[in-house]
Every structure is written in structure tokens, then in C-alpha cells.
Amino acid sequence: MSLLKVEGLSKSFKGLQVLKNVSLEVEPEERHIIIGPNGAGKTTLFNCITGVLPINEGTVSIQGKMIADLPSHTRVSEGMSRTFQKNNLFGKLTVEENVHLAVTARKSYRFKLFKSLLSYKDMQQESQDLLKEWDLWERRNQTVDELSYGEQRLVEIMLAIATKPTILLLDEPTSGMSPAETIQTTKLIQKLPRTISLLVIEHDMEVVFSIADRITVLHHGEVFLSGKPEEIRNDQRVKDIYFGGGALQRAEA
Amino acid sequence: MKKMIFPAAIAVLLLILPVMLTSYGIKLTAEVFIMSIFVLSLGLITGYAGLVSLGHAAFFGIGAYTIALLGKFVPNTFVLLASAIIFAALIALLTGFLFIRSSGAYFLMITLAFSQMLYAVAYKLKGVTGGSDGMSVAASLDFGFGPISGSMGLYYVMAVSVMICYVLLRMFINSPAGKAIIGVKENESRMRALGYSVRSYKLLAYTISGGIAGYAGGLYAFYNYFVSPDTLNWNFSGQVLVMIIIGGVGTLFGPPIGAAVFVILQNYISSYTERWPMIMGVIFVAFVLYGRGGIANLLLLAWRKISRRQKEINSPALNSSEKISKDETKGVTEA
Amino acid sequence: MDLSILFVQIITGLAYGMLLFMIAAGLTIIFGLLSVVNLAHGALFMIGGYFTFTFINQHLNFWLALLISVILLAILGMLIERFLLNRMYGKELEQVLLTFGLIFIFTDLVKWIWGSSPKSISIPPLLDASLTIGVVTFPVYRLFVVVVGCAVALLLWYIESRTRIGAIVRAGVDDRHMLSSLGINFKLVFAGVFAFGAGMAGLSGGLGAPILGLYSGMDNDVLILSLVIVVIGGLKTWKGAFIGAILVGMVDTLGQVWFPSFSMVLIFALMVFILLIKPSGLFGKGVDA
């Protein structure tokens, strides 16, 4: 059974159809990348899958469980987690506090009223592991606002990982990063355990082809094509509408 | 251990303060304590949950009227104060459920309208509340060792109350729920994406805040022996919001400072001139223009400067003092 | 109840609603563009009334007195925006403190200058009559206020949909950054909008004085009702304010006839009811401000 299944999803704003009958699946352990020109509806699709936006038609399910009507925050306990295209963090809190919040989100004691959060050793341990893994341990006492853009991008992904998802949605994880940071982040994404399936929006073709098991091309709010990386790479129509021919060759080189 | 020195010093100061004060000063300080509790309660939702209410007097008034009305039948202080807290918290829970769907200016206006409605009810229900004449409080403060009526006794009750509230709130904002509430204020959409029920946390903060405000109102009824609809008026809510802003938003020690400054200024100025509202108004406006985010923030800036200088003097052993100032500043929002 | 009394009550309610509309519309327009809840709006209304009172006492005729008051209020609004409010944009708490402080200053000034005993203005002779249709007798002045309110609504509609200024303000409400990118002097627009809102409050205050009288605390009554209207009608829409004002004016007036003690409770119940059905108000777009 597919881990994440989207069927016939449509969404319109004020009569403007942004997504038309979109269907896609993410298999367990799969790394599925969504590409498409600007305005294709990629981020809207993410917002619909995660419940930030209500959908007009269609279904979304995780492991066969329908989630399209669940409030956004409860989808996290179904194993879904996401990052945002623009950094969406707790800027005035320290990196460590950011992680603490993310790790605590799925703990049973998240509603405890008077016991200090810092007294929970499991939370401390998990946070420490994450910070070290993502190379942010040295930065833990700085506020997120004080970090470089690339570091903030890492925090963005780290927070999403901290909720222990089975399906992780990454919205342009490397956008705005320097080439070096892009390489580092790509490596970190590659190193993620296969127990976390990925659905990723990405523009950088090198990143796309170094991660993807499957690629779906979204165009004008519709699924234009979906298939193995080689198929997409060699499809003339995709080259025409999207890459203008050039980007693919560069990625191949 | 070092962290405890400052609070302990404050506690000792509060306990020995009456020795240095006139009886009028003692009474005024007790009022400052009551207001401090009230301001702390509003500070919790304003400074930590980001909910700006202009109707918090509703819960203060509910607490006060609970003592006045119920006190006719039940003399027990514990029962009365517990009722004030529970009743106020319950109303906060119910109204919060409806109001918290909205935020920002909308929330501000709705809470204001709600408190004004309660004000109108208290004002018009002459048979029950005495209307605009208010009503006297029959019950007296008694914790099991005789009624407390002198200003000295009241002073200590209020002093202990404010310290307990402060400590409980300090514990609360460091708890998992408290941290989550701060997270909600900082970034709602991320909290939702992490799986937190944003509404539940706001409602939690609002309910706790309502309960504490009810407690403050209950204490006030005992302190003042008299309750009037003014305790429900939005003007009162506005004044309390002003106290928070003067003291410092997003801190726990700011609100009591704001309460003290406001109450003392008001008493001082009004003893000299009838035109005190205008002078207070000018002070508010000046404060907005030049206040830099409240007295607490100014103190923090000064404290950080001092500790930095200390750091330069004895540079090796700097970690602990830096840590304290960092901890204290975390909750502080921008000016 | 006697039918003619009922009709008079309806006209009274409508007239009150129109006075509230002029204030609430100013509030929502200011909020829509500047994102400021001007708590001092009720105080501006009150000052408008007292100004009109003073000019009439200087033997000016009612209309001239009203006109001068409106202009003075607009200037006052402009000064407030230019010297105080413009430093507070985006800072909600500071705005609350500032406008709250202004209430203290204005209400105390009014007490200082005019004393705390209630004042009244007599209805201008031209309109001091009643119109009898069949068995029902209408007070003409109240009818006139209703007409003015509708005229203001028409004017707002015209400005919003037919003029360049309206287009600029509409664009600014949707997206404030748009204004500067269009090369529009938004400082001028902001000051103008605030002055317009203050002028409307002044107009309402002057027009309302012969009906409501002048007393300390009137600013408060009017402010609360206007805020309720804004909540009911929805933020950022003067059309919502129009409907909301009629509703609130009627409920308040008729409520005081039937349930004298609980008109405020009725109004609040109305508000809760509307919020339950539509959390963003009757004409509101989003819940979040």
C-alpha cells in the first residue's frame, strides 16, 4: 500500500483553478520529487496535503487512512511533517529552544503545566542528538535570527525531522542556499534514514536527480508526467515546456 | 543557587517593607500587590500567548462579585476564593472557546464588548448587585486563625499571594505547556506544522489567566470591603494593559513594576491636582514614544551592561552571570 | 404598543444607528488601511459635539458651527496621525496605549473646558418640526439624521468605487506595500484617511448632540457600540459597518423600550450569534486581523 496517496485533488481560489485533479503516490521508503515551473501549484499542493488549505475535491490518505478532513496539526501524529519554502521558524528563540519545541510536540507531557520542560531527559537527549547530527550544536544558544540563511534552512529541516515523520514534505529545501550549502544539505537529505519517505519540491536539477526515486512534473496545476528520473530526463515534452532544453544537459554534465 | 538570590532578596524586602511605610503606604502597597496579580494574569496572555485583551476586567469583576454575592451565604474564605478562581476560569474557558477563533484587533474588540456587557448587567441589576451604588462585602478574610482586617494583615496576605502567583507563573512558563504557548505567540503556523493544537494552548493560557484574574478580584473584594461595577469596566482593563506596557511585555517581573508605577503615580498625582487624568494620559503617550518597551526591558538592558562590564573585569568566571542574563532576556520581546 | 410610538422608536433607532455608522465607518476605514484600532474615536466624537456647542454659543448658526467642528476635527486627526500614530504602525500594543492615553487627555480636557454638567444643543429651527403622516408623527430632525447617514454611505460608495482616491485606499487595504510600489505618497494617504475618519466622528458628534445631549462618558458609550458594530459587520468594510450600525441602533433603541435593563445584553447576544455563524463578521473576509 502507498504510504501517502493523493487522489483527484482540486483546489481553486476565487474561481481560479490552481490544482486540477492531481493524483500522486509516495511508496514506503520512496523519495518522490515534484518539479514544475513557477506557478504550477506545487506549494499549494503541499498546503492542501498538510491541511493548511482546505481542498475542494479529492482525497488524501496516509497508509489508507483518510486525512483530508483532519485539522492540520493532527496530521503530524499520522506521521506527516513538512518544511516551508520560506523559513518559518521561531526567530527570537534559540536554536535549542526551537528543537525543544519540535521534539516535545509528540510527547505525552506536552500539556504538563508546572514541571520544567528541561527536566525531561528524553527530550534533552533527542534534542542533543538532532543538534549534533545537523551540525548546529555549536549554535544552540544563538537565536535563530542570528544564524546565517543557510543555517536557518537546516533548522527548518531539522524541526520537521524532530517530529519523527514517516512521510516528510520538503518545500524547496535548498532554495536561497549557496552552492556549498546546497551540496551539504543534499548530502544530509541523502543520509536521511529510508524509514522516512520524502516528497520534495525542488528547482535545482542537480539536487533533484541526486535524490529522486521518482519525479512528478506539475504544470498548470495538473500532473503532466510522472516516472523514473531517466524517463523524465529523456522526455522531450518535459524538456520543451519546462527546461527549455538547457537545464537538463547541465545536470547531466 | 545564584539564581535564587535575587528572588529571595525581593521576598525578604516585601516582608520587611511595612516597617518602613506609613499606614497609608501599607494600604497602597497592598493594593499594588492585588493589581500586580491582575496584571500578571493579563501579562500571561498578552506577553506570552500574544492575545491582547481589552476586557480582562471581566474576570477580575467576576472574582470580586463572587466574593460579594456568595459571601452573604458562605463565610469560609477558602471556599470563597476557590469559587472566585473557578468561576472566573470557567467563564474564561467558555468565552475563550468562542473568542479565540479570532485574533488581533478582532480579539481586542470582542473581549472589550464582553466585559462591557457584564458591566452593563452589574450596573442594571440593581436588586442583586446594588447597581451603580455597588455592594458591600459581608465576608471577611479568615484563613482559620481569626479574621484579618487590619492593613498590616491584609498587606501580608496580598504579599504572599503575589509571590505565590509569581512563582506559579514562573513555573508555568518553563513547563512544556508554557513553552508551547510562547511558541504559539512566536509562530502559529509552525506550531501547527509541528503538530501542536494552537487553539488548545491559547485557550489554556486564557483560562489560567482568567482564573488568576478572578483570584485578584476576590482579594480585592476582601481588601476593599466593597465591590462596584467599575471593577468590570473596560477602562479598568485598559489601565491594566497600560501597566503591562509600562512594566514590560513578555516578562514576569515587568507587570508588577508597571502596577506599582501606575498605582503610585495615580495616587501621587491625584493628591496634587484634579487634572490627574490628563497628566496620566500625557505620561502614557510620552511612554509610548520614548519608553523603549517598558521598564523591565530598560532594567534588563542596564543589567546586561553591568554584567558585561563585570565580565571584562574578571573574565574567566563569566559563564554563570551571562547565563542568568540570557535566561532572563529570552522571554523579552522586541521593544 | 401604540403603532405611532413604535414608528417613532424605529426612526429613533435608525437615527442612532446612522450616528454610530458615521463613527464605525471611520473606525473600519482607519483600521483597514492603517491597521490601527483607534480607541480615541469616541473621544473625537465627543469633542465634535462640544465644539459645535461652543460655536453655537458664539452665535454661529448650527450648520456653520457643524462645518467648522468637522474641519477642526479633521485637522486634529491629521495632527494625531502625523505626530503620534505614524511612529506606531505595526505595533499593536503601543497603539492601544497611545490611543488609550489620548482618551484620558481628551476626556479630561473636555471636563476642564466645559465642566462636567451635561450640555444640550437645541435642534436647528429649520428642522425643529414634526411630520405627520396618517396617525404617525415623525420628528423631522431624526429623519434628517437618517438621510445624512445614507448620504454619507452613498458618498463612501462613490469615493470607493468611482474615484482615484478610493482605488488607492482599496489597494492599500489589500496590500499596504502596493502603495509605495505604485509611487503613491502613502504618508499623505494615511494622514488623509485618519483626518477623514476623525472628521466623520466630528460630524456624527455635532449632528448627534441635539438628540443625545453632551455629557461626560458619552465617548465611552459610543465607542463600545461602534466597536461592536465593527465586530458584527466585519473589519475593513464600511458596508458591514452600515448594516451593523442599523442593527445595533435598532436593538439598542427598541431593547431599551422592551427590556430597559438589558439592551446591552441583547446587543452582545446579537454579536455572539453573528460570530457563531460567521466568525469574521457579516461582511468580513478573514478572521485574522
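**Figure 1. Secondary structure and overall dimensions of chain C.** Read from one end of the sequence to the other, chain C runs α-α-α-α-β-β-α-α-α-α-α-α-α. This amounts to eleven helices and two strands. The radius of gyration of chain C is 19 Å, close to the 19 Å that the globule rule gives for 289 residues, so chain C is as compact as a globular protein of that length. Taken along the principal axes, the C-alpha atoms of chain C fill a box of roughly 60 × 50 × 35 Å. As in every view described here, the coordinates belong to a predicted model.

Figure 2. An unreviewed UniProt entry lists the feature "transmembrane region" for residues 6-29, 36-56, 62-84, 96-114, 140-159, 179-203, 223-250 and 257-277 of chain C. Residues 62-84 of chain C are 96% helix and 0% strand, with 32 Å between the end C-alpha atoms.

**Figure 3. Secondary structure and overall dimensions of chain B.** Chain B contains 15 helices and four strands. Its radius of gyration is 20 Å, close to the 20 Å that the globule rule gives for 335 residues, so chain B is as compact as a globular protein of that length. The C-alpha trace of chain B spans about 70 × 50 × 45 Å along its principal axes.

Figure 4. For chain B, UniProt (unreviewed entry) places the feature "transmembrane region" at residues 32-50, 80-99, 106-125, 145-169, 203-223, 243-265 and 277-303. In the model, residues 106-125 of chain B are 95% helix and 0% strand, and their end C-alpha atoms are 29 Å apart. Residues 203-223 of chain B are 100% helix and 0% strand, and here the end C-alpha atoms lie 30 Å apart.

**Figure 5. Packing of helices α3 and α10 within chain B.** Helix α3 (residues 57-70) and helix α10 (residues 198-224) of chain B pack at an angle of about 45 degrees, and their axes are 6 Å apart. The two helices are therefore oblique to each other, and α3(B) passes α10(B) in a right-handed crossing. On the side of α3(B), the contact is made by B:Phe59, B:Phe60, B:Gly63, B:Ala64 and B:Ile67. The residues contributed by α10(B) include B:Tyr206, B:Gly210, B:Ala213, B:Gly214, B:Gly217, B:Gly218 and B:Phe222. By class, the contact of α3(B) with α10(B) comprises ten nonpolar, five polar and no charged residues.

**Figure 6. A helix pair between chains B and C.** Two pairs of chains touch, and the most contacts are between chains B and C. Chain A and chain C do not touch, and their nearest C-alpha atoms are 12 Å apart. Where chains B and C meet, the axes of helix α13 (residues 276-290) of chain B and helix α4 (residues 92-114) of chain C come within 8 Å and cross at roughly 155 degrees. Helices α13(B) and α4(C) are therefore roughly antiparallel to each other, and their crossing is left-handed. Among the residues that make the contact are B:Trp276, B:Met280, B:Phe284, B:Phe287 and B:Val288 of α13(B), together with C:Glu94, C:Leu98, C:Phe104, C:Asp108 and C:Trp112 of α4(C). The residues of this contact divide into 17 nonpolar, two polar and two charged.

**Figure 7. Packing of helices α4 and α5 within chain A.** Helix α4 (residues 149-162) and helix α5 (residues 179-191) of chain A pack at an angle of about 15 degrees, with 11 Å between their axes. This angle makes α4(A) roughly parallel to α5(A). The crossing in which α4(A) passes α5(A) is right-handed. In α4(A), A:Gly150, A:Glu151, A:Leu154 and A:Ile157 meet A:Glu181, A:Gln184, A:Thr185 and A:Leu188 in α5(A). The contact of α4(A) with α5(A) has three nonpolar, three polar and two charged residues.

**Figure 8. Two loop residues of chain A with positive phi.** A:Gln63 is located in the loop between β4 (57-62) and β5 (65-66) of chain A. Its phi is near 45 degrees, a positive value in a residue other than glycine. A:His220 is located in the loop between β9 (214-219) and β10 (222-227) of chain A. For A:His220, phi is near 50 degrees, a positive value in a residue other than glycine.

Conventions. Residues numbered from 1 in each chain as written. Chains lettered and ligands numbered in written order. Predicted model: local features only at pLDDT ≥ 70, side-chain atom pairs only at ≥ 80, totals over all residues. Heavy atoms only, no water. Axes fitted to C-alpha atoms, helices over the stretch in contact; angles between N-to-C directions. Parallel < 35°, antiparallel > 145°, perpendicular 65-115°, else oblique. Left-handed = near helix turned anticlockwise from the far one by under 90°. Contact = heavy atoms within 4.5 Å. Nonpolar A, V, L, I, M, F, W, Y, C, P; charged D, E, K, R; others polar. UniProt positions renumbered as here; feature names shortened; annotations may be inferred. Rg over C-alpha atoms; globule rule 2.2 N^0.38 Å.
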